[in-house]
Amino acid sequence: MTTYFYYLSICLITLFPAFSNIKPNVLFIAIDDLRPELSSYGSKVKTPHIDQLASTGMLFERAYCQQAVCGASRLSIMGGLYPTLTGEQTFHVDGWRKRHPDLKTLNQHFTEKGFNTIGLGKIYHGNNGPGVDQKNWTQWVKMKGVSHYAKKENIDILNKALTEIQPGVEHDPLKGPLTESANVHDDTYTDGRTTAKTIELLKSLGENREKPFFLAVGLTKPHLPFVAPKKYWDMYNRADFNMPSNKGTPPGYPSYAANQFAYEMHKYSDFNGKSPKDLSDKTNKRLLHGYAACTSYADACVGRILNALEKNNLAENTIIVLWGDHGWKLGDHSSWCKHTNFECDTRVPLIVRDPRLEGGQKTNRLVELIDLYPTLCDLTGLPIPDHCQGRSFRKLLSDPEAGHRLDAYSSYPTYKNIGHSIRFKNFRYTEWHDKDKNTVAQVLTNLEADPGEVTNCMDDPNCADDLSYAQERLNLRASQAIQPNPPSESAPPQKQLLNIDPSPENLRQSIDGFGGSLAFWAIQADDEALGFAFKELKTTILRAQGEVSKKGIVDHNREILQRAMKLNPELEVLLTFWQPRSSTLLKTDDWLDEIATVKDKQYFLKSEMEDAWATEIVNRVQQYLDWGINVTNLGVQNETNYSHLGTQTCIWDPLVLKSFIENKLKPKLVKAGLKVLITAPDLAYVGYKGTEVRRFLPTIQSKAVDLVAYHMYDSFKDGTDGSLEVLRENSKQIGQIRNENFPLKKFWMTETTGAQWNNDEWHTYGWTPEASEFDKALLAARYIHMTFAEAQANVFLWWGLVYSLAPDRVNDQMTRQKHRDEGLVLVEEKGGANGKQKFLEKTKKFYFFKQYANYIWKGSRRIELESPAPLEITAFQTYDKSRIVVVAINPSNSKQILEIKIPDGMIERRAFQTDQKLNCELVQPSQALPPQSARTYIYTR
């Protein structure tokens, strides 16, 4: 690995003299309770793999956490805020997301900016539950819990202790012994298993490079208990360990602030005495030995991860950050653990390797862990969120002597007071304040003269200037830490004028409704999910698959359709027939011929089976009607111009389809007395500038065809123009074709998934690898606008009205994201105990969809208007002229003030808005329209 990283650094300095436009990946490695007890920091502890990383990156000799305890420190790093501002100052910080619902975390920001974010292990406090910010990762990997111990006798001790949990100690129950040396494989313990899973993830990421990734891996050792495989204990001779000489605390240091009792250790079964002072020399040596063994074990895990990064050819474009969440006492000040303001508790290891920069350097400049958030944004080309209180140290990575901070600030609450510290020059200064902010104690230590921090030079006249400086700076830093950053000033909003004129000459198509499809992935969705889909969204049209299933099941979607009908008895159902099949003829070759076309072999319906297929369609429609399903429309063939061998979906020639409808299907419907509308064709794609719509005009213009449908699902190939403007131009063209050739027929857009990745080669228009879920949700709103304003369609239907997550067996992250992108209401992939798929969430697309579906009533007419750039605006008037609805999308990055002139007699009633924070919620109509938002204005007489 040494040779590889050396030559990699040299090559990349030559190839990347300046940062390229290719976004690098980030490997973010957190190690619990790790102080700079590493070979690269001058320690005798053996850490060859971390040392190797340091030799190719930048080692920070003076990096400091913001509070010396797990939960507070980690949330500060991931949230970008000081603990004194958030008030999150405990080790577990349970429920922090409820208290800070709008805090944009580091993983959330990277997710929103298009990174594939994956987390596992201890990144926040804990490795599962709401505290890990699970919803704001692309994937949070919940590792199966294993015992802290491998030896049976220790497991028995732990299990006995767990049965004795007392009320109020759920976060810190009784435990087993302080140490364990077991002759077991590395993967026996949690960190080994986390490492093995990380290696598996890196293999997958190496195979799929559509998006840059942010992979956060949290290792738990050397946190207590000190348990590690025996081979790491064998790397050391216990007799070589000795307790440190700094046994005291500085004069003036409050006893309650020195953590003399180290209560964290008291829960372990073999802790003896009232405080660490009571521990025997034998126990102390065992603990020192254990910390070293666990550190070497963690180092081995890091080595395996870095080797996997290299093996999968990811190292050349991956920034690596390795950090400890806080320091730790190893007998210092006659105690153990952390929980103080001491130098050894707040100083942490930090190594950053950017393959585009020269490595093997060290910097003595002061940095804080809160600086990691803005630094990673800076290094990856992402904007730094306004709220971040840290500052980027990117310059230090290329110039170790560059300026950064005058001091490093940290705090720690103790008893009824709180200690505030700064590290500056050669000094550490701490003040303890009571609840009224009165100073109750002070300590100044010259760490150059007293590295063990056992003296107080407050009264030393030689330090008077340093003390005065320290007091001034600490007061400033403590005050700044509790003040949130003001939002950045933006350009003044642009004023836009819009005139709504519903004169007859400006009225266009009527709106038949909104809805979507129920795919077979979600036919067992629970009642909560259906309630959101059919009641909150006010869905009026449901599209469902009509033929029997591949296994010959005739009622595969009967129950869910009946449940949907109960929620909305007026629901219209468009029953589509995708794949020619019946309960008695299931095989593809019963119905279809494989015929070679210009592009490839495709399926065509056998001419001798046309009569049987028409009969099957009619019988199936009658069956659904008998079940109480309100089938108002039938689609003769979904995806009429698309076929792929293996799907059993066939392609139609326009003239053959016309003949089939006129001579086979329509007469059978009439004979059966079924008054349902015939929808044809249902085009899988419209073609560039609507060529496929034009090609199917013979079918469309048939008197037997009542309604025309298409999918807004055209795709672009990698390397070609995938901009939204191509889709917009196609929409305009099919709108013109419609007006010229079939103006009196309904024109429905029956399927879209918005902008998304489809496969390694094809994607839908508007999609980019960097697009976040929010970006794609906003694009979905723009798809709706184009459907009505450009294509002049009457209906907008989404593909996955209710949709499931990808199966657990699917590891490909792009495929997993594709499932999320395709759904408005998401459910679990598998059914629970009651057989129903549990509701998970309403996606952001749900709310952008709601901006239209909930307020534009059936029968409303679109009002032609000119949208002032950059806004995209549609307006609609009800059939009785009593109500006007205006939907304005602001896809730009600047605020827009929209002044709407409405007809006399109309009154502005309400406005609803969806943006980064709001989900179709009430706002003041007069407020500026924020960047990347949609607002619906409602006017009535």
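**View 1. Surroundings of Arg-35 in the predicted model.** Beyond its neighbours within four places in sequence, Arg-35 is in contact (heavy atoms within 4.5 Å) with Tyr-291, His-326, Gly-327, Trp-328, Lys-329, Leu-330, Asp-332, Cys-344 and Pro-349. Arg-35 sits in the loop between β1 (25-31) and α2 (48-56). Helices (H or I, at least four residues) and strands (E, at least two) are DSSP runs, numbered from the N terminus. Arg-35 has 15% relative accessibility and therefore counts as buried. Buried means under 20% relative accessible area, exposed over 50%, partly exposed in between (1.4 Å probe, protein chains only).

This is a predicted model: local features need pLDDT of at least 70, side-chain atom pairs count only at pLDDT 80 or more, and totals for chains, interfaces and linings use all residues. Residues are numbered from 1 along each chain as its sequence is written, and side-chain values use heavy atoms, with hydrogens and water left out.

**View 2. The salt bridge between Lys-338 and Glu-264.** The closest N and O atoms of this salt bridge are 3.2 Å apart. A salt bridge is a side-chain nitrogen of Lys or Arg within 4 Å of a carboxyl oxygen of Asp or Glu. Lys-338 lies in the loop between β10 (336-337) and α11 (343-346), Glu-264 in the loop between α9 (230-233) and α10 (281-311). The two are 74 residues apart. Both are buried.

**View 3. The salt bridge between Glu-343 and Arg-428.** Here the closest N and O atoms are 3.0 Å apart. Glu-343 belongs to helix α11 and Arg-428 to strand β15 (residues 427-433), so the pair ties together parts 85 residues apart in sequence. Glu-343 and Arg-428 are buried.

View 4. Glu-368 pairs with Arg-405, with closest N and O atoms 3.7 Å apart. Glu-368 is in strand β12 (residues 361-368); Arg-405 is in the loop between α13 (394-398) and β13 (407-414). Both residues are buried. Through shared partners, salt bridges join Glu-368, Asp-371, Arg-405, Asp-407, Arg-473 and Arg-477 into one network.

**View 5. An open sheet of seven strands.** The order is β18-β33-β34-β35-β39-β37-β38, with antiparallel pairing. Two strands pair if DSSP finds at least two bridges between them. Strands β18 (507-510) and β38 (921-922) stand at the edges with a single partner each, so one side of each has no neighbour in the sheet. Six bridges join β34 (residues 872-877) to β35 (residues 883-890). Glu-872 has Ile-889 of β35 as its bridge partner.
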